[in-house]
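I opened my notebook to follow a few helices and strands through this chain. Come along and check each entry against the picture.

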Amino acid sequence: MVDITHKNSTLRKAIAQAIVQVSLPETIQAIKNRTVPKGDVLECARVAGLFAAKRTADMIPDCHPLPVEFTSVSYEVGEMEVKILVEIHTIYKTGVEVEAMHAASVVALTMYDMLKPIDKGVMIEQIKLVEKKGGNQT
């Protein structure tokens, strides 16, 4: 791992996104109505994202373990897609971009897994960092 011992702990924030594209309008209705056979997709995926945020350093070899002080998973449900936004805060020596993108990825994968029995055309798109604050940036 990169040596961060010389850095100061500051408030660091990151927002990442992922988009889950569906192929059937009925899939969005099942998500909204909570009738997907595997359960409440949005809530199950949110919990998976919270776990992922805290376990990022266990999965990404060069990622420093750090205290996750805040995690938010929110959704924008469209006609044929669900946009996932994950926001993470810490007060530490390094940023939380990887944690945010890891969590967004796991949320999307959880949704994919839960939706595949009812929609074979589900796709995950645009996993990316949307915003980063703290450290040398403000």
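**Entry 1: what covers a helix.** I began with the buried residues of α2, and what covers them includes α1 (25–33), α3 (56–59), β2 (70–77), β3 (81–92) and α4 (97–115). Helices (H or I, at least four residues) and strands (E, at least two) are DSSP runs, numbered from the N terminus. I used buried for under 20% relative accessible area, exposed for over 50% and partly exposed for in between (1.4 Å probe, protein chains only). Contact, in my entries, means heavy atoms within 4.5 Å.

**Ground rules.** I am looking at a predicted model, where local features need pLDDT of at least 70 and side-chain atom pairs count only at pLDDT 80 or more, while totals for chains, interfaces and linings use all residues. Residues are numbered from 1 along each chain as its sequence is written, and side-chain values use heavy atoms, with hydrogens and water left out.

**Entry 2: α2 itself.** I noted that α2 spans residues 41–54, which is 14 residues. From its first C-alpha to its last it reaches 20 Å, close to the 20 Å expected at 1.5 Å a residue; the expected span is 1.5 Å times one less than the number of residues. Which residues of α2 are buried? I listed Val-41, Leu-42, Ala-45, Ala-48, Gly-49, Ala-52 and Ala-53. Seen down the axis of α2, these buried residues fall within an arc of 140°, so they line one face of the helix. The arc is that of the directions from the helix axis to the C-beta atoms. I reminded myself that an α-helix has 3.6 residues a turn, so residues three or four places apart point the same way. On the other side of α2, I found Phe-51 and Lys-54 exposed.

I also looked at how α2 starts. Asp-40 caps its N-terminal end, with a side-chain oxygen 3.3 Å from the backbone nitrogen of Leu-42.

**Entry 3: two residues of α4.** Thr-110 sits in helix α4 and is buried, at 18% relative accessible area. Apart from neighbours within four places in sequence, Thr-110 contacts Cys-44, Ala-45 and Ala-48.

Entry 4: Is Thr-27 buried or exposed? At 1% relative accessibility, Thr-27 is buried. Its side chain makes a polar contact of 2.8 Å with that of Asp-119. A polar contact is a pair of N or O atoms within 3.5 Å; within protein, one must be able to donate a hydrogen and the other to accept it, and residues adjacent in sequence count only if both atoms are side-chain atoms. The buried residues of α1 are Thr-27, Ile-28, Ala-30 and Ile-31. They cover an arc of only 160° around the axis, which puts them on the same side of α1. I saw them pack against α2, β2, β3 and α4.

**Entry 5: the strands.** Strand β1 (residues 10–21) runs antiparallel to β3, joined by twelve bridges; two strands pair if DSSP finds at least two bridges between them. Ala-14 stands opposite Ile-88 in β3. β2 and β3 are also antiparallel, over eight bridges, and they form a hairpin with three residues between them. There, Glu-76 has Lys-83 in β3 as its bridge partner.
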